[in-house]
Amino acid sequence: MVYDQKGRNILEEQLYIKGKKTGTWKRYYPNDKLEEVANYKANRLHGTFEKYQKNGQLAYKGNYLMNKRTGTWTYYSKNGNPESEEDYQSGVIVERRKIEE
C-alpha cells in the first residue's frame, strides 16, 4: 500500500510478484474516494479497468488485453448516466457512438 505524506490516507493498493505489477490495483483521491481500479498481468494492463470521478461516480470503464484496449468502453456523465461508447480491437478504435436517453 502507498500512503499520503502524513501516512493517514491510502493512495494506492498495489501487488507485485517477482517485481511485476499483478492482480487488482486501486488508486484513491485525497478525499479517500476511489479513483481507479485496474488489473495487471505480468506488468501489463489486462482485464477490467474503471476510472471514477472525484464525486464517486463512474467516469468510464472497459477492458484491456495485454496493455491494449479491447471490446466496448463506456463513458459516463458527472451524474453517472452513460453518455457514449467506443469499440476497440487490439487497441484501435473501430466505432464510436453516443448513447441517447
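**Labels and their grounds**

Reply: Start at one turn: the hairpin of β10 and β11 has two residues between the strands, and Ser-90 there takes a positive phi near 50°. This is a predicted model, with residues numbered from 1 along each chain as its sequence is written. Local features need pLDDT of at least 70, side-chain atom pairs count only at pLDDT 80 or more, totals for chains, interfaces and linings use all residues, and side-chain values use heavy atoms, without hydrogens and water.

Me: Why are β10 and β11 called paired strands?

Reply: Two strands pair if DSSP finds at least two bridges between them. Six bridges join β10 (residues 82-89) to β11 (residues 92-98). That meets the cut-off, so they pair. The two run antiparallel. Ser-84 has Lys-98 in β11 as its bridge partner. Glu-85 stands opposite Arg-97 in β11.

Me: How do you know that β9 pairs with β10?

Reply: By the same rule. Six bridges join β9 (residues 68-76) to β10, and these strands run antiparallel. Gly-71 has Tyr-88 in β10 as its bridge partner. The hairpin of β9 and β10 has five residues between the strands. Gly-80 in that turn has a positive phi of about 95°.

Me: What makes a stretch a strand, and how many are there in the protein?

Reply: A strand is a DSSP run of E with at least two residues; a helix is a run of H or I with at least four. Numbering starts at the N terminus. The protein has eleven strands and zero helices.

Me: What makes a residue count as buried, and what share of the protein does?

Reply: Buried means under 20% relative accessible area, exposed over 50%, and partly exposed in between, with a 1.4 Å probe and protein chains only. Of the 101 residues, 29% count as buried.

Me: Which contacts in the protein link residues 24 or more positions apart?

Reply: A contact means heavy atoms within 4.5 Å. Among contacts with a separation of 6 or more, 4% fall to residues 24 or more positions apart.

Me: What does the C-alpha trace span?

Reply: About 45 × 35 × 15 Å along the principal axes.
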